[in-house]
Amino acid sequence: MDVIKEDQILDCSGLLCPMPIVKTSKAMKELQTGQILKMIATDAGAPPDIEAWSRQTGNEVLLSTVEDGKFVFFLKKA
Amino acid sequence: MSKSNPNAPRRLALIASKGTLDWAYPPFILASAAGAMGWEVGVFFTFYGLTLLKTKLTAAVSPLGNPAMPMKMPFGPEGFQSINWHIPQMLMANVPGFNALATTLMKQTFESKGVATIEELRDMCVDLNVRLIGCQMTMDVFGFKKEDFIPQAEIGGAATFLEYAADADVQLFI
């Protein structure tokens, strides 16, 4: 698997709904089109919420995985 | 679950009619989440919900009126925290300060679980340009002034909200 290189990291560990989505959206606004945000979350609702957020905003989920018991997402700015 | 056309702009119209701490969460959570998804959002604050626009939030929770509320302690060992305390309603009604205690405990529980405060969520909504409409009629009934509210609040009536909601994709009464 190719390693995805992020441009920015956002750690939402310990935060519950809707903060991971809200903070992700805020962080994405700072990025340029094509740049990648790595977002880390512990909220069990984050995986489906990030998918829905991606469909609604057009930002792409490049990878959604679990690392060390945490949810990790690589999100590409549309 | 996915929408057929994700590029279509969406609009969410909410009515926030309740002013307790527990009921303050749904409108602010939905509004900030929708704003984060790029939706246009407007919330009409009416009746007790109007107090959620006050500069200083005083939302509290009443276990007496919510018999389904789990009564748990936000501190101590895990086994202690998982105990659901069954406190008779008659007792709750007669202990002075019980609502204040329950409110403090709920706020501590929310904080320890990683839930944002109502103040934080409201600030997020302001940041995300959520339209916050206070009900003029309720202001008159309860004697509130525009100066009582955060500066981002606008004032309107039923027609103001309905006109906004008419073009909304999602409308909810909370």
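This is a predicted model: local features need pLDDT of at least 70, side-chain atom pairs count only at pLDDT 80 or more; totals for chains, interfaces and linings use all residues.
Visitor: What pattern does chain A follow along the sequence?
Guide: Start with the element count. Chain A has 2 helices and 4 strands. Read along the sequence, their order is β-α-β-α-β-β.

Visitor: Why does the radius of gyration of chain A agree with a compact globule?
Guide: Chain A has 78 residues, and for that number a compact globule would be near 12 Å. The C-alpha atoms fill a box of roughly 30 × 25 × 20 Å along the principal axes. The radius of gyration agrees with the globule value because chain A has 11 Å.

Visitor: What percentage of the residues of chain A count as buried?
Guide: Buried here means 20 or more other C-beta atoms within 10 Å of the residue's own. Of the 78 residues of chain A, the share that counts as buried is 35%.

Visitor: What share of the contacts in chain A with a separation of 6 or more comes from residues 24 or more positions apart?
Guide: A contact needs C-beta atoms within 7 Å. Take the contacts in chain A with a separation of 6 or more. Residues 24 or more positions apart account for 62%.

Visitor: Which element gives the largest share of the side of chain B that touches chain A?
Guide: The interface joins 15 residues of chain B to 14 residues of chain A. The side of chain B has 8 nonpolar, 5 polar and 2 charged residues. The largest share, 4 residues, comes from a helix spanning residues 21–36 of chain B, namely H1.

Visitor: At what angle do H1(A) and H1(B) pack?
Guide: H1(A) covers residues 19–29 of chain A. The two axes lie 8 Å apart. The crossing is left-handed. The packing angle is about 30 degrees.

Visitor: How many residues of the contact of H1(A) with H1(B) are nonpolar, polar and charged?
Guide: H1(A) brings A:Ile21, A:Val22 and A:Ser25. H1(B) brings B:Ser32, B:Ala33 and B:Ala36. By class, the contact divides into 4 nonpolar, 2 polar and no charged.

Visitor: Where in chain B is confidence lowest?
Guide: Chain B averages a pLDDT of 91, and 95% of the residues score at least 70. Confidence is highest in strand S1 (residues 11–16) of chain B, at 98. The lowest mean, 80, falls in residues 89–94 of chain B, helix H3.

Technical notes. Residues are numbered from 1 along each chain as its sequence is written. Chains are lettered from A and ligands numbered from 1 in the order in which they are written. The radius of gyration is taken over C-alpha atoms; the globule rule is 2.2 Å times the number of residues to the power 0.38. A residue is buried if 20 or more other C-beta atoms lie within 10 Å of its own, exposed if 12 or fewer, and partly exposed in between; C-beta atoms are placed from the backbone. Two residues are in contact if their C-beta atoms, placed from the backbone, lie within 7 Å. Ala, Val, Leu, Ile, Met, Phe, Trp, Tyr, Cys and Pro count as nonpolar, Asp, Glu, Lys and Arg as charged, and the others, Gly among them, as polar. Axes are lines fitted to C-alpha atoms, for helices over the stretch in contact, and angles run from 0 to 180 degrees between N-to-C directions. A crossing is left-handed if the near helix is turned anticlockwise from the far one by less than a right angle, and right-handed if clockwise. pLDDT is the predictor's confidence in each residue, from 0 to 100.
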